[in-house]
Amino acid sequence: MRIGIVCPYSFDVPGGVQFHIRDLAGALIERGHSVSVLAPADSDTPVPDYVHTTGGSVPVHYNGSVARLAFGPMAAARTRRWLADGQFDVLHIHEPLPPSLGLLALWNADGPIVATFHSAQVHSRALSLARPVMRSQMEKIKGAIAVSEDARRTLVDHMGGDAVIIPNGVHVATFATARHRPEWSGQPGRPVVAFLGRLDEPRKGLDVLLRAVPTIRAALPGVRFLVAGRGDVQVKSLGADAAAVEILGPVDEDAKCGLLASADLYVAPHTGGESFGIVLVEAMSAGTGVVASDLGAFRRVLDDGALGTLFPTGDAEALARAVIGRLEDPEGTRQLTDAASAAVGRYDWSNVVQRIVAVYETVVQGHGEHGPEAGRWGG
Amino acid sequence: MNGAEVALIVIAAVLVVGWAVWLSAQRLDRAHRRVNTAQASLVHQLVARSVAALDLAHAGVLDPVSSILVAESARAALTSLTDDGARLTSSGPAQSELSNTVRQALGHRQDVAQMDELGRELVGELASAWYRVTLARRFYNQAVGLVRRRRSGKAVRALRLAGRTPMPITFEMDDTWPEDLPQATESEGRTVS
């Protein structure tokens, strides 16, 4: 199949959706499909061969964080040309709801369109005001995929319609076989707790973890906290406890695998805005214990606590108790990680890509039967 | 000189100094009031610009993505001035982001030329409001500069003539109208240099 994939966010600053699209494109190409990805990126950003860029993007505040988005007449013209040149059998748009390239492509396209909804929580007054326009655009989507129950609910609440749930993919084997790094591995009496995510974005919850540090250190004086991610953070306010917190800064994919595999515990203290929780699945794949806030998305990934430990969102004391509990009970933690390792199979790309291709085929078939214009793009 | 003459000279000197101080205080007060009126005018023009951007966003002349993003940033720029506790001085980043978003959404001269009549009219109104922002900001910053110069004088500082009035600061934002697009003054048949 000739598959056109639209990535809403810039490859200049890689994030979850970009990684998902890169892995999906890779998995599809491996299966012999022809793939082109349209994405915003500056011309000097290295991107894979199959990525077609719309040129520069602009940093815009949206939905509580800053995203680099492509919009305006130039992005629209390039999108139209990409659609016309691509002659795709199926167009797969990611995140058509936020104002970005996904919506722009949807606006310009017609035909067999599949869309994946990644995020939960859409707080946009402008989007609500634009609802009548948005609905007519959303009706062009022939097959909707949501990465989680929360993302599905966002779609249902905002735009009507429904979606099949296909979780984000993870290369389980990559994490399961990742090399342990001695400097990040726990020693007897020196357990390691890992955090991953933007340091200065409140909803990633680093603040909740830092507030729990003194309590955890009181119970386990040797504990180390490894904090990886972009952004600035001040730990001076922790006083003597600051010594236990090591800021690693941004880490690449390889280091991320190593960190998750080496740590004794991965903590996800997010306070909201999470629709799936891919890092939880990665930690589970790496065989690492997970302590997470009880957001809906995390509860589902951790099967209500059967695969990891949940604590009330934003409650630093409860987070501290959960971390202490896990670190003081290695046997119980091992039972959880064993169950988690068995459960992550359904998130493996081999499984996920098959389910996505099945959606493509269903949509394309429908067009072959009912539309003379199957595979043709207006624009 | 007898005692009466000395007293007379001292009284005269005190009167002269007092008069000079009073004049200086008057000038400082005038400068402060000029900052206040310039600030009111600047806030007014910034609000007008946000409203013009909102009109453009809701007119359906931009693509849907640009419409939503321009509306979002215009709202943010507006609430950064009108929310409880909002202050002009902290509104700069929101105003700059509106500028940035509008520039990206409008593209080039030929993109605006291709819009329908309503679209071109709304862009013209936005350009006009935008131009007034650049004027109001320049006047405000000039007024602030004057107060700051006056207040840096030795006598003003020694006698605390400014009282507890906070030191005004200039308002910084990105207010560059895209060079390539029709200027606000073009349609009125005038040019700015």
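How many residue pairs are in polar contact across the interface of chain B and chain A? The rule finds 2, both at pLDDT 80 or more; a polar contact here is a pair of N or O atoms within 3.5 Å, where within protein one must be able to donate a hydrogen and the other to accept it, and residues adjacent in sequence count only if both atoms are side-chain atoms.

This is a predicted model, in which local features need pLDDT of at least 70, side-chain atom pairs count only at pLDDT 80 or more, and totals for chains, interfaces and linings use all residues. Residues are numbered from 1 along each chain as its sequence is written, chains are lettered from A and ligands numbered from 1 in the order in which they are written, and side-chain values use heavy atoms, leaving out hydrogens and water.

**View 1. Where chain B meets chain A.** Here 18 residues of chain B are in contact with 22 residues of chain A (contact means heavy atoms within 4.5 Å). About 1800 Å² is buried between the two chains, and carbon and sulfur atoms give 70% of that area. Buried area is the accessible area (1.4 Å probe) that two parts lose on being put together, summed over both. The count of salt bridges between the chains is 0 (a side-chain nitrogen of Lys or Arg within 4 Å of a carboxyl oxygen of Asp or Glu).

**View 2. The side of chain B that touches chain A.** Two or more residues each come from α2 (64-82) and α3 (92-106) of chain B, and the largest share, 8 residues, comes from α2(B). Helices (H or I, at least four residues) and strands (E, at least two) are DSSP runs, numbered from the N terminus.

**View 3. A closer look at A:T309.** This residue sits in strand β15 (residues 309-311) of chain A. Is A:T309 buried or exposed? A:T309 counts as buried because its relative accessibility is 15% (buried means under 20% relative accessible area, exposed over 50%, partly exposed in between, with a 1.4 Å probe and protein chains only). The side chains of A:T309 and A:R326 are joined by a polar contact of 3.0 Å. Leaving aside residues up to four places away in sequence, A:T309 touches A:V290, A:V291, A:A292, A:L302, A:A322, A:R326 and A:L336.

**View 4. The surroundings in chain A.** Chain A has 14 helices and 15 strands. Of its 379 residues, 58% count as buried. Among contacts between residues at least 6 apart in sequence, 68% join residues at least 24 apart.
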